[in-house]
Amino acid sequence: MLGHVDGYVGAIQSTLDDVQRHLLDKMSAFHKAHNRMIPLHRLPIEVFVQIITGALEPFQTYPWSGTSAKRLLTLCRVCNRWKDVIDRTPSLWATIDIRDPAALTALAVSRSSNHPLNIIGTPSSSSPNYWSYPTAGWTQFKNTVMMQSTRWRSIRLVVASPKDAQALINAPAPRLQSLEVKSMEQCRVNLQSGSGILQEAGPRLRRLALHGLAIPWRACMLHNLRYLSISGLDEFAPSCEEILGVLRMCHALVEVNLALEPAANLEPFQEERPFTLTQLRSMTFDSHNSPWPFPLLETISTPSVRHVSLDLDFSGAESLFPSIMKRVRGLLSTVIDSPYNMTISTYQTHLEWACHPSEIGLDEWSFNVTAWTESQGLDEILEAILVERDANRFAPRSIAIDLNGPIHSGFSAALGKLDGVDSILEFAALSCDLDPLFTYMSSATTGHGWGLPELQKLIIYDCAYDPAKLLDMVLSRYGGEGDGISDGGGRPPPFKRIEISHAPGEADEDTLGLVEDIEDIER
């Protein structure tokens, strides 16, 4: 009897297993049919791969987001279709991040087949710079990816020593198009005869960024560059002759960023033959207290430049100030193609001059200049910047002037350079003596108009001034009892904002009384 029961139980269990297996098969078929109906899965495989490729790009930038290969493994778990497409597409595995574990790196190298490789060793959206740091995967890189150098298409790495830099630069890489390397210890690498990145990849190389790493600056092997960045070099920095030699050969250069400290003699470049970089769109020169950018600005013509950032040091080269500023103004005329706003900021040792489109969201061009000079007075600086401002196709819609730090002399003369400049809408001052400014704004100037006639904002912080002079300026411009000017006649438009601030504890009775006097005028 019990044997018959056991037989029935076994048969029932077998039937249930068959039913469950059949149900699971039906559910799997249903899920597959459902997945095929999803719009994303109805796209051609090539389009689907492009979507995944675009989605993975941000993970090459931020160190906290996980690497590209790790994200691919996650995507493989979504469904069988995704896994099949990802596993069988070598291009998706072609980004090798040396931060990954050795097993994952080996898997990516294997699945990438013979596809060109993009090597990442530093998470950044830009070239390696001062803030970049080496990762812990260099040994793994030498044991796995270094042996695949003939497949390298791009490299972005930070190396810890000159020995590592030497090994990298002398690896055979005939497919290489982009080389971005930072050496934590400044060094110059020597090219071994025969193969090597720059010898084999020279004709293909389009992007070169070196920080703290010098190479033989042979123009012949860099002539196809579109992007060039050199920074972080002191004693190994290229000379001005070498820089000009490279730039002269790079006819197709689109962007150049140079931040160097070479001890260059300017005399040999006075007669240098000028040349034109017709395709250059972006130019950044950071002098680091050296005059090396001057011969470059005098020699190179850039008719298509759209983004300019210059850090110029005139210390010891003050005689070049007029000619270089003339060249800089010429660059501004080339860059601007729309209405813009201008900001001029002065400090004790330097000035900053920036122009940007006045329309919000428009970033098709930019212009920024920092000039270090101690011999030029504020009047000379303002004149150099504001001269010919109306000769450009677009005049500035507004000018903001920021004075930072004490102005020992020349303030009154500098104010005279502002006569007739109606586009100055904002004036801010920090730790200055502003009595000359209030006097200038209280009466007609030499141009028979109000000083700063269209000024809308006056911001003062921790400045020395006579409150009576400030009150006289307000009375003369905006009316008051016995001022002798009829209401509405010949007055400049009223301020939209006056802000007067003191360092903590420095507000005094005169300032408080001034506020009460201004309130009486408003009433």
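Modeller: Let's start with the term itself: a salt bridge is a side-chain nitrogen of Lys or Arg within 4 Å of a carboxyl oxygen of Asp or Glu. Keep in mind that this is a predicted model. By that definition, the structure holds 7 salt bridges.

Take Arg 111 and Asp 87, whose closest N and O atoms sit 2.8 Å apart. Arg 111 belongs to helix α5 (residues 102–111) and Asp 87 to helix α4 (residues 80–87), so this pair ties together parts that are 24 residues apart in sequence. Arg 111 itself is partly exposed, at 24% relative accessible area.

Next come Asp 97 and Arg 99, with 2.6 Å between their closest N and O atoms. Is Asp 97 buried or exposed? It counts as buried, with a relative accessibility of 3%. The cut-off for buried is under 20%.

Lys 417 lies in the loop between α13 (411–416) and β16 (424–430), while Glu 383 is in helix α12 (residues 378–386), so they tie together parts that are 34 residues apart in sequence. Both ends are partly exposed: Lys 417 has 33% relative accessibility, and Glu 383 has 41%.

One last thing, back at Arg 111: salt bridges with shared partners join Arg 111, Asp 87 and Lys 83 into one network.

Key. Residues are numbered from 1 along each chain as its sequence is written. This is a predicted model: local features need pLDDT of at least 70, side-chain atom pairs count only at pLDDT 80 or more; totals for chains, interfaces and linings use all residues. Side-chain values use heavy atoms; hydrogens and water are left out. Helices (H or I, at least four residues) and strands (E, at least two) are DSSP runs, numbered from the N terminus. Buried means under 20% relative accessible area, exposed over 50%, partly exposed in between (1.4 Å probe, protein chains only).
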